[in-house]
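Here is a short note on the model, point by point. Please read it with the structure open.

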Amino acid sequence: LSPELCRINEDQKVALDLDPYVKKLLNARRRVVLVNNILQNAQERLRRLNHSVAKETVRRKAMLEAAGGYPQGLPGK
């Protein structure tokens with residue numbers, strides 16, 4: 001992006017200082033990458049949590065079935 005902006009700057013008759021714009025774009029890109037990393041980490045933690053919950057659900061269901069069904073007074077699903 002920087003080389004293209006510099007080329008455009010050179011092609012124009014009025015000299016524009018594009019450095020501040022380039023710096024703003026790079027800063028915005030850095031922030032977007034940071035937010036993306038945070039979201040990916042959160043998604044991975046949620047995936048692991050979901051896996052753990054599913055594993056625990058299967059374990060408890062197996063325990064209940066081994067004990068002869070659901071306890072009295074609790075509806076079965």
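1. Start with a cut-off. A residue counts as buried under 20% relative accessible area, as exposed over 50%, and as partly exposed in between. R48 has 45% relative accessibility, so R48 counts as partly exposed. Keep in mind that this is a predicted model.

2. Overall make-up. The protein chain holds two helices and zero strands. Its length is 77 residues, and 4% of them count as buried. The chain exposes about 7,400 Å². Carbon and sulfur atoms supply 60% of that area.

3. The annotated stretch. UniProt, in an unreviewed entry, lists residues 25-59 as "coiled-coil region". That annotation may be inferred rather than shown by experiment. In the model, residues 25-59 are 100% helix and 0% strand.

4. A nonpolar patch. Which residues make the nonpolar surface patch of about 300 Å²? They are L46, L49 and V53. L49 sits in helix α2, which covers residues 19-66.

5. Salt bridges, the count. Side chains of opposite charge can pair when their charged atoms come close. The cut-off here is a side-chain nitrogen of Lys or Arg within 4 Å of a carboxyl oxygen of Asp or Glu. By this rule there are four salt bridges.

6. R48 and E44. These two side chains meet in a salt bridge, at 3.9 Å from N to O. Both residues lie in helix α2. They are four residues apart, about one turn of the helix. E44 has 30% relative accessibility, so E44 counts as partly exposed.

7. E56 and its arginines. R59 forms a salt bridge with E56, with the closest N and O atoms 2.5 Å apart. R60 also forms a salt bridge with E56, and here the closest N and O atoms are 2.9 Å apart. R59 and E56 are three residues apart in helix α2, about one turn. R60 and E56 are four residues apart in helix α2, again about one turn. Is R60 buried or exposed? R60 is exposed, because its relative accessible area is 51%. Elsewhere, salt bridges that share partners join E44, R47 and R48 into one network.

8. Exposure of the other two partners. R59 has a relative accessible area of 41%, so R59 is partly exposed. E56 is partly exposed as well, with 28%.

Terms used
Residues numbered from 1 in each chain as written. Predicted model: local features only at pLDDT ≥ 70, side-chain atom pairs only at ≥ 80, totals over all residues. Heavy atoms only, no water. Buried < 20%, exposed > 50% of the residue type's maximum accessible area, 1.4 Å probe, protein only. Areas by Shrake-Rupley, 256 points an atom, 1.4 Å probe, with all protein chains shown as cover. Patch = residues over 30% accessible without salt bridge, like charges linked within 9 Å, V, L, I, M, F, W, Y side chains within 5 Å.
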